[in-house]
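Grab a pencil and have a look at the model below. Then try the exercises before you peek at the solutions.

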Amino acid sequence: MMKSYTLLALLVSVLLFTGCGNAGMFVASNSTEVQLKEGNYTIVAKNVTGTAESAYILGGSYSWGMATNSMGLIPLDGSKTLYKDARENLWTNFEAQNSPAEGRKLALVNIQYDSGTTNFVLYTKAKVTITADVIEFE
C-alpha cells in the first residue's frame, strides 16, 4: 500500500515539474517622441493584423488585461512567445499586401492587443492578436 502511494506521489511530482507554459505581456517603456502633426508621414496600411496561438493538453490558460498566460503538460502547437510571434506575423501580413519593409522608415501606430483563451477539461488554447496601422515617414 505504501509503495503505491510513493509511486503516485512520484508520478504527480513528475507531471507538475515537467511540461510547457508561456506567459506574455507587452509593456512598453520607451520614450521616443515622434511629431505626427507636421504631415511628414503617410498612412500606408490600416488595420494590419498578426496572430499567434498555442495549445496544450492537461493545462490551463487565462488572459488578464494585456497579459496572456498558459501552461500545460503536453504542447500541441504554437510557441511560447505569443506576442513576438504575433508581431512578426503582422509584419509578414503587411509585406504580403505591400512592398517589403526592409530599408523603409515605417512605424506601427494605433496598436491594439487582443487576447483570448479557451479552456476545456483536458485542452487549453491561448491566442494573441495585434492590430495596427502602418505609417511611413518621408
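Predicted model: local features only at pLDDT ≥ 70, side-chain atom pairs only at ≥ 80, totals over all residues.

Residues are numbered from 1 along each chain as its sequence is written, and side-chain values use heavy atoms, leaving out hydrogens and water.

**Exercise 1.** Find which element has the lowest mean pLDDT.

*Solution.* Start with the term: pLDDT is the predictor's confidence in each residue, from 0 to 100. The protein chain averages 78. Among its elements, strand β1 (residues 20–25) comes lowest with a mean of 50, while helix α2 (residues 82–97) is highest at 92.

**Exercise 2.** Decide whether Thr124 is buried or exposed.

*Solution.* Buried means under 20% relative accessible area, exposed over 50%, partly exposed in between (1.4 Å probe, protein chains only). Thr124, in strand β5, has 0% relative accessibility, so Thr124 counts as buried.

**Exercise 3.** Work out which parts of the chain the Lys125 and Glu53 pair ties together.

*Solution.* First, the side chains of Lys125 and Glu53 meet in a salt bridge (3.5 Å, N to O); the term needs a side-chain nitrogen of Lys or Arg within 4 Å of a carboxyl oxygen of Asp or Glu. Lys125 sits in strand β5 and Glu53 in strand β2 (residues 41–64), so the pair ties together parts 72 residues apart in sequence. Next, Lys127 also forms a salt bridge with Glu53 (3.9 Å, N to O). Finally, Glu53, Lys125 and Lys127 are linked in a network of salt bridges.

Terms used
Helix = DSSP H or I, 4+ residues; strand = E, 2+ residues; numbered from the N terminus.
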